[in-house]
Amino acid sequence: MKHGIHLFNYSALTTAIQEFTAVIKEDPSNAQARLYRGRAYAKQQQYRNAIQDLEAAIHLDPSCWLAFYYRGCILRQVDPKRAVQDFSVSVLINDTWENFRSFLHRGIVYSEQCQWSLAICDFQSVLALDSSVFFAYLTIGLILLLHLDQYYEAIRQFSNAIQTDPLNVRAYVCRAQAYHKIHDLPNAVKDINRAIHLYPNKSKLCLLRGQYLMELKKYELASLCIHQLAEMDEDSFLSQPAQQARIQSFCQKQDKAIDCLLEAISRKPEPSMFVILGKIQMKDKKIKDAVRSFKKAMKLLMTSAKNVPKTFEAAEMYYLTGLCYMEQKNLLRASDAFNMAIRLHSNYPDAFYQRGLCRMHLRKANCIQDFNRALALCPSHFQAYMSRAAYYGSKGRYSKAILNCNEAIKILPDSVQAYFYRGTLKYQNKTFKAAIEDLSKTINLNKTCIFAYYNRAICYQKIKDFKKALKDYGILLLLELSKEISFKVLINRGLVYVALEDYANACEDFKEAMLLSPDDSQIFQAIGICCYKLHEFEEAVRSFDKVLKLDPLSVDAYVARGKLYMESGHEAGCKQAQKDFSRTIHLNPLCIEARICLGYNLEAVGKLQKAWGQFTTAICIDSKCSAAYDGRASVCLQMGEAFAAFQDTNAALKLTTTALRLTNRGVINQVMGYPSCAMKDYQQAISVDPNYALAYLNAANLYFCNRQFSQAHSYYSKVLQLDPRNESAIMNRAITNTLLNNTEEAKEDFEKAICLCPFSAEVYFNRANFYNGLKQYKLAEKDISTALSIQPNSALMYKFRADIRGKLGFNKEAVEDYRQAISIQDQTHSM
């Protein structure tokens with residue numbers, strides 16, 4: 001017996017069996033000999049003989065735990081239920097460290113039967129008996145990771161396994177996968193790096209590291225991993241042409257990838273290889289070749305009855321074919337391909353989504369049904385929500401489109417596309433402030449998103465936050481823009497400057513835009529208007545000339561140029577303006593602005609009847625044109641038809657009440673002899689616009705005429721608060737102060753009046769009166785002499801100087817002034 005055990009231990013199994021057989025012949029009840037011979041038979045894979053000997057050993061010695069253990073090991077694959085019973089009896093007899101393998105093997109059987117909790121209990125029992133068993137830690141970790149989703153506990157078990165065997169690659173890889181599950185990518189990469197350090201030429205490890213680095217958005221490192229993988233010569237890697245092709249494709253070596261697959265297909269054509277080939281051809285923009293590859297794959301899949309099996313694999317081929325047709329803009333064939341994909345696999349969300357896109361491009365309303373179906377199958381389908389938002393947006397249903405963007409953002413909270421489109425929709429919905437919030441979020445996510453800056457600038461422009469609009473347009477012009485976008489930015493920024501009345505900067509932007517589009521007449525029109533506002537009349541005329549050269553039928557250009565000619569104030573300019581307004585009316589007889597401008601032009605040259613006719617025609621064209629009523633009222637007043645002017649001004653006021661019109665009506669009331677009505681109009685004008693200086697001035701003049709000097713003084717002062725350089729107000733207040741005996745204030749006002757109007761004879765005449773009243777005859781004589789030097793043909797002034805000189809004792813000079821006054825008066829009467 002001892003010799004047999006010795007031979008068994010040294011693996012001389014045949015001789016050992018002979019020795020144990022001899023012992024059994026001499027002593028058939030020797031359980032130990034049966035046990036060892038059974039173990040020897042098991043090692044020689046003579047399992048039937050081994051089972052017989054082990055059963056005999058158990059029969060002879062029911063407490064032999066080893067016999068139960070070894071029989072359980074033999075039965076583990078063929079009869080797991082009996083194997084579990086044998087392991088259970090074995091541990092029942094001996095549950096010490098000697099028998100931890102029974103727990104281990106029973107745990108393996110439970111794992112194979114998916115009884116995870118029982119398996120974990122057995123592996124924990126193993127570890128309780130021997131904490132250095134690496135396999136137990138690893139298996140518990142895998143069960144927790146793959147089947148029970150207990151990732152943190154799995155990490156702890158893998159860490160224990162690594163402590164037990166620090167050089168075991170599998171533990172590092174498993175722990176990396178567990179870290180990946182809890183999105184702890186940095187630690188996952190660290191563990192994969194440790195595994196690669198132990199096995200540097202393992203292609204799968206490099207591939208896994210590349211995947212994790214991609215998810216960490218470390219694209220350069222990920223790309224380096226893939227390139228490293230492409231250069232590997234590992235036999236297992238080279239034996240997988242599909243994997244090798246994918247790697248070469250990632251490295252942008254599409255030709256090598258295609259050659260690799262074609263070589264593999266020539267040896268063994270398989271549908272899956274054709275599909276991979278087609279995908280790489282799609283990536284290489286060889287769309288026709290890709291379609292052929294997918295068709296070959298379908299042909300290989302067809303059954304003997306020439307039918308394509310209803311499998312996802314077949315559906316994917318049609319789906320990919322549909323994508324190719326979409327790339328070729330062949331939407332009908334693409335739609336048919338997606339129909340077939342859906343028919344083969346009815347739960348294919350991407351196929352529904354792409355068919356919805358086809359239908360949307362074909363302007364079919366049922367596209368929305370496909371998007372709905374895609375979302376029902378895959379509620380996290382980001383692009384389906386975005387496409388549904390685009391559909392509702394195209395139909396003007398902005399609120400519903402925004403709701404879909406909200407759902408898309410829940411799926412991808414940092415999506416530039418979703419925030420940008422939602423901002424655009426809110427702009428369309430006229431909720432500009434909300435749009436600005438989304439566009440600002442877009443810019444935070446992508447600092448160079450040109451369209452986000454552009455749309456946000458437009459939103460700021462809409463809410464009249466011009467400073468921020470200018471800032472965004474300025475940022476845009478620092479980025480690399482296309483010619484078209486640069487043109488739009490310059491035009492929009494120019495319009496912002498116009499709104500701010502910064503015509504110089506606006507003009508510069510329009511001129512720069514003109515360099516990008518030299519044949520755009522509207523830009524020259526804008527430049528002309530800016531030059532007009534800057535009083536650069538010649539430059540403005542040249543711009544409008546350019547407009548008319550590019551667009552001879554431009555009504556706006558003729559009107560604008562006509563206004564410029566009228567601004568010149570000389571006769572030739574008026575005639576040229578008249579021609580431009582007449583051409584405009586010839587081009588468009590319904591152009592009211594041209595008729596009103598022509599009416600004012602004719603009024604300026606004294607052709608009142610013709611002017612009245614133009615204003616009347618404008619009113620006939622548009623009975624609600626208040627400007628035409630204003631013009632005709634002005635003409636009527638000059639023609640002495642005060643009541644007609646009154647009626648036209650009333651008609652204008654019914655359309656729009658303004659301080660100017662109320663003031664004009666007040667003037668008409670004065671002319672008609674109704675000062676109280678006039679005062680009411682001036683007061684109403686002031687209530688409409690408290691800063692309208694002309695209403696205060698006319699009211700002050702009326703108070704002055706009524707000898708209400710205190711009220712007049714108050715109103716003249718208000719005029720000068722609003723318009724400090726108003727000559728009439730200063731001179732009239734000076735006279736009022738004179739009448740109110742406010743001597744010092746009167747002196748100050750006359751000084752200001754002379755500073756403003758140094759060549760006004762009237763100012764000097766009135767100050768001479770003032771000094772005469774104060775009996776300061778020398779100063780009075782000096783001022784009246786200055787007045788006569790400016791206006792030498794005034795009989796009244798000569799008479800007044802004669803009176804002053806008489807008071808000064810200059811009798812001879814006084815007589816001469818009287819004679820001069822009589823001479824001028826005689827000449828005037830004779831004329």
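**Exercise 1. Compare the span of helix H22 with its expected span, and describe its surroundings.**

Solution. Step 1: In this predicted model, local features need pLDDT of at least 70, side-chain atom pairs count only at pLDDT 80 or more, and totals for chains, interfaces and linings use all residues. Residues are numbered from 1 along each chain as its sequence is written, and side-chain values use heavy atoms, with hydrogens and water left out.

Step 1: Helix H22 covers residues 349–361, which is 13 residues. Helices (H or I, at least four residues) and strands (E, at least two) are DSSP runs, numbered from the N terminus. The expected span is 1.5 Å times one less than the number of residues.

Step 2: Buried means under 20% relative accessible area, exposed over 50%, and partly exposed in between (1.4 Å probe, protein chains only). By this rule 10 of the 13 residues of H22 are buried, and the helix is mostly covered. Among them are Phe352, Tyr353, Arg355 and Cys358.

Step 3: The buried residues of H22 pack against helix H20 (312–327), helix H21 (331–344), helix H23 (367–377) and helix H24 (382–394). Just after H22, arginine 363 has a positive phi of about 60°.

**Exercise 2. State how many helices and strands the protein has, and give its overall burial and contact figures.**

Solution. Step 1: The protein has 49 helices and 0 strands.

Step 1: Of its 831 residues, 49% are buried.

Step 2: A contact means heavy atoms within 4.5 Å. Taking contacts between residues at least 6 apart in sequence, 43% join residues at least 24 apart.

Step 3: Accessible areas come from the Shrake-Rupley method with a 1.4 Å probe; for residues, only the protein chains shown count as cover. The accessible surface of the protein is about 43500 Å², and 52% of that belongs to carbon and sulfur atoms.

**Exercise 3. Are glutamate 539 and arginine 542 buried or partly exposed?**

Solution. Step 1: The side chains of glutamate 539 and arginine 542 form a salt bridge (2.8 Å, N to O). The two residues are 3 apart in helix H33 (residues 537–550), so about one helical turn separates them.

Step 1: Glutamate 539 is partly exposed at 27% relative accessibility. Arginine 542 is partly exposed at 48%.

Step 2: Elsewhere, Asp545, Arg561, Asp580 and Arg583 are linked in a network of salt bridges.

**Exercise 4. Which residues are in contact with phenylalanine 581, leaving aside its neighbours within four places in sequence?**

Solution. Step 1: Phenylalanine 581 is in helix H35 (residues 571–587). Its relative accessible area is 0%, so phenylalanine 581 is buried.

Step 1: The residues in contact are Val559, Gly562, Lys563, Met566, Ala594, Cys597, Leu598 and Asn601. For lysine 563, the separation is 18 residues in sequence and 8.8 Å in space, C-alpha to C-alpha.

**Exercise 5. How many disulfides does the rule give?**

Solution. Step 1: A disulfide is a pair of cysteine sulfur atoms within 2.5 Å.

Step 1: The count by this rule is 0 disulfides. Cysteine 507 is in no disulfide, and the nearest cysteine sulfur, that of cysteine 531, is 4.0 Å away.

Step 2: Cysteine 507 is buried, with a relative accessible area of 3%.

Key:
A salt bridge is a side-chain nitrogen of Lys or Arg within 4 Å of a carboxyl oxygen of Asp or Glu.
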